[in-house]
Amino acid sequence: MITELTEQQLLIEGASCASCVGKIEAALNHTPGVQSAEMNFADRTVLVSGTADTQSLIKAVESVGYNAKPLDEDTTDTDTLDEKEAADWAYYKKLMRDTFIALSLGVPLMVYSIIVGEMTVETDIERLSWLVVGLLTLGVMFFSGRHFYIGAWKSFKNHSANMDTLIALGTGTAWVYSMVVVFVPDAVPLMARHVYFEATAMIIGLIDLGLALEIKARGKTSEAIKRLIGLQAKTAIVIRDNKEVQIDIKQVLLNDVVKVKPGEKIPVDGVVLEGHTSIDESMLTGEPMPVEKVKEDEVVAGTLNKSGMILFRATRVGKDTALAQIINMVKRAQNSKPPIGRLADVISAYFVPVVMIISILSALAWLNFGPEPAIAFAIVSATTVLIIACPCALGLATPMSVMVGVGKAAEAGVLIRNGEALQTASKITAMILDKTGTITEGAPKVTDIVLTHAIDEKNVLQLAASLESGSEHPLAQAIVESALEKGVKLLKIEAFNAITGFGVEATCEGNILYFGNDKLMKTKGIDLSNYTKQAQSLAKEAKTPMYFAINGELAAIIAVADPIKSDSISAIKRLQANGIRVIMLTGDNKETAAAVAKKAGINEFLAEVLPEDKANKVQELQNSGEIVGMTGDGINDAPALALADVGFAIGTGTDVAIESADITLMRGSLHGLADAIAVSKATLKNIKQNLFGAFVYNVAGVPFAAGILYPFFGILLSPVIAGAAMAFSSLTVVSNANRLRLFKAKDH
């Protein structure tokens, strides 16, 4: 037993349809130490979270008739992916070979049956001929269809049923009945002495062909992961003992000094020590413009160095790099299920047993009420029902779309954490936006210093910057940067205290300093009445006025402006055009908030809110029936992000693990938010199309297979037609899911 919570991924062998998923997940979830298990039928993997060891998980899977093996968790290594692709390609070639063998017998028999009509057994020569054909068909069943019968037997031993059960019963019944006709014709009425070897061979051949084409098509769904893994550099040049050494990427250590030349990929995350360059980060963030990098700037693994040579210190290596975390997050999301997918799994668990019952009832109905030869009609209808109802397409409907949708989102710099977030994002009716760093640049500048005493501006800036040097708030950083730019030396502060939602206080060279909003000043008893109008005037210009007091008296109003991002206005319009109610929340004062909201085109806003007030607003909107999205920086907005139906974190290439958010936007643009919702809607629409097609096919096909058309039109569906339809229904679902790869969000 593993002592700490871990995630393990297993590759499942033998799973053939959606009903297998429920059995495997149930077996794993009942294993001691397993917290959750989610299987992705599309790529036959299962992600298990908990403390159970690998062997226990493998035994649990084997206990319900399937095989499992662990997948390598090294997300930056292509070996595992290549191994899986090689295995899939080998299986594809085997299935195509099996298809050729089966159809080599089935097609001539089918053509013969069309030419001569019913294939009867009346003479000794016919008996001998059909005996040879029957033995050849047995060979097809062994060589091309063996996996169906092995799967069915394993399911039988585990007291369950799946797609293999239906195919094995259908083809097996047709073959056994035909052999009875050949060996003991007198046991069958004269009118019913027909053989159905062509049905057995054709069904096996067509279903093998469908499976082969499905494997080939679903290989495209992992292209996003392949591209992400392909971004990783293979080698790196590091400086060791004053020498340049080229080493494998896995050998780069924390704090190594790495050299990157123009045109090379950044091998690991780090901070620039020397040099100046521009780096193309579009593969990770979706931003097309290269980003300038100088000393102290961060660089991210997988991005492309465009111009200059740089030296940087490695800060994250191996699985800790942003790229590795992104790959891991995309993999987890592709493996997760939206609620609509879990519903399909539940239905599939009951579908196969129900189909078997319908098949038996259909046969009994034909035997008791059908025309002669009743037994032949019963065999055909029962076999057709079994074959046409195989729920392969049902199992593929959701995971195929999720894999493509999540991958498509990742390409646009949108990281979706799980399937539930993917589904819920499509239903959002209200979007709450934090102001600073979300709508605005988050890099404010000091614009005005209004003095209220004889103290000069330089001294005010020195004391204010010294006080704010202990704060990480963006507005505080703006004051510190302004002071440093003017060559002001910072002083030592003592007794620093940050008061959430109000400001900060400290002592400096015997002076008691307060810096913050009007609420802080009021709580400290500092009179602002003479300067309220000036503060309001600054606020109307979308500047944030902050009050600075020394020893209980107001010394200055320092105004800081945080410009609106260049594309925030157009992104907000996109959200509103989709019928989403946009609300801005900020801790800033009302006048500044009103000015920013007006510029951004937002009609609803709340100012001077504390972090807990944001969470309360989320709750209030939810109580009124809204599906709420919350977008913020993932730190002071964490309570609201966690409470929202979908939390969106505005992140950067090196900050992808914001635990409180469901979706992380790798670039700072709110267009990423609109893109995430657009991808979500397109994916959910695709899932619904797939599920509708699969359900309608399975449910509507059964009555036709049972023979509902015969009393009215004299038409009884052939098992061969059912086999072809069943095989290509899966291919249709896979092809429809792959259409998502062509999806493009609205231009912006």
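This is a predicted model: local features need pLDDT of at least 70, side-chain atom pairs count only at pLDDT 80 or more; totals for chains, interfaces and linings use all residues.
**Entry 1**

The largest of them holds 147 residues, and I12, F648 and I663 have the most contacts inside it. I noted that helix α24, residues 671-706, gives the most to this core, with twelve residues. Apart from it I found another core, of 24 residues, which includes L463, V488, A555 and V560.

I then listed the contacts of I12. Leaving out residues up to four places away in sequence, I12 touches I24, M39, R44, V46, V61, Y66, N67 and A68.

**Entry 2: domains and annotated segments**

I looked up the domain assignment, which gives six entries: domain 1 (6-74), domain 2 (76-220), domain 3 (231-316), domain 4 (322-412 + 682-747), domain 5 (413-441 + 564-681) and domain 6 (445-561). Between the C-alpha centres of domain 3 and domain 6 I noted 39 Å.

I also consulted the UniProt record, an unreviewed entry, which places the feature "transmembrane region" at several segments, among them 166-184 and 196-213. I checked the model over these two. Residues 166-184 are 95% helix and 0% strand, with the end C-alpha atoms 26 Å apart. For residues 196-213 I recorded 94% helix, 0% strand and 26 Å between the end C-alpha atoms.

**Entry 3: strand β24**

I asked how many of the residues of strand β24 are buried. Five of five are, so that the strand, residues 628-632, is mostly covered. V628, M630 and G632 point one way from β24, while G629 and T631 point the other way, and all are buried.

I next looked for the strands beside β24. Strand β15, residues 430-434, runs parallel to β24 and is joined to it by four bridges; here I432 has M630 as its bridge partner. Strand β25, residues 646-650, also pairs with β24 in the parallel sense, over four bridges. In that pairing T631 stands opposite F648, a residue I had already listed among those with the most contacts inside the largest core.

**Entry 4: S278**

I located S278 in strand β9, residues 277-280. Is S278 buried or exposed? Its relative accessible area is 12%, and S278 counts as buried because the limit is under 20%. Beyond its neighbours up to four places away in sequence, S278 touches P290, V291, E292, L304, N305, K306 and S307.

**Entry 5: salt bridges**

I recorded a count of twelve salt bridges and examined three of them.

R316 pairs with D269, the closest N and O atoms being 4.0 Å apart. The two lie 47 residues apart, R316 in strand β13 (residues 310-316) and D269 in strand β8 (residues 269-275). R316 is partly exposed at 27% relative accessibility, whereas D269 is buried at 0%.

D675 and R574 meet at 3.1 Å, N to O. This pair spans 101 residues, with D675 in helix α24 and R574 in helix α20 (residues 568-577). I found D675 buried at 4% relative accessibility, and R574 buried at 10%.

R581 forms a salt bridge with E626, with 2.9 Å between the closest N and O atoms. R581 lies in strand β22 (residues 581-585) and E626 in the loop between α22 (611-623) and β24, so the pair ties together parts that are 45 residues apart in sequence. R581 is partly exposed, with a relative accessible area of 29%, while E626 counts as buried at 19%.

Technical notes: Residues are numbered from 1 along each chain as its sequence is written. Side-chain values use heavy atoms; hydrogens and water are left out. A nonpolar core is a set of buried Ala, Val, Leu, Ile, Met, Phe, Trp, Tyr and Cys residues joined through side-chain atoms within 4.5 Å. Buried means under 20% relative accessible area, exposed over 50%, partly exposed in between (1.4 Å probe, protein chains only). Contact means heavy atoms within 4.5 Å. UniProt positions are given in the numbering used here, feature names are shortened, and annotations may be inferred rather than shown by experiment. Two strands pair if DSSP finds at least two bridges between them. Domain bounds come from an automatic or database domain assignment. A salt bridge is a side-chain nitrogen of Lys or Arg within 4 Å of a carboxyl oxygen of Asp or Glu.
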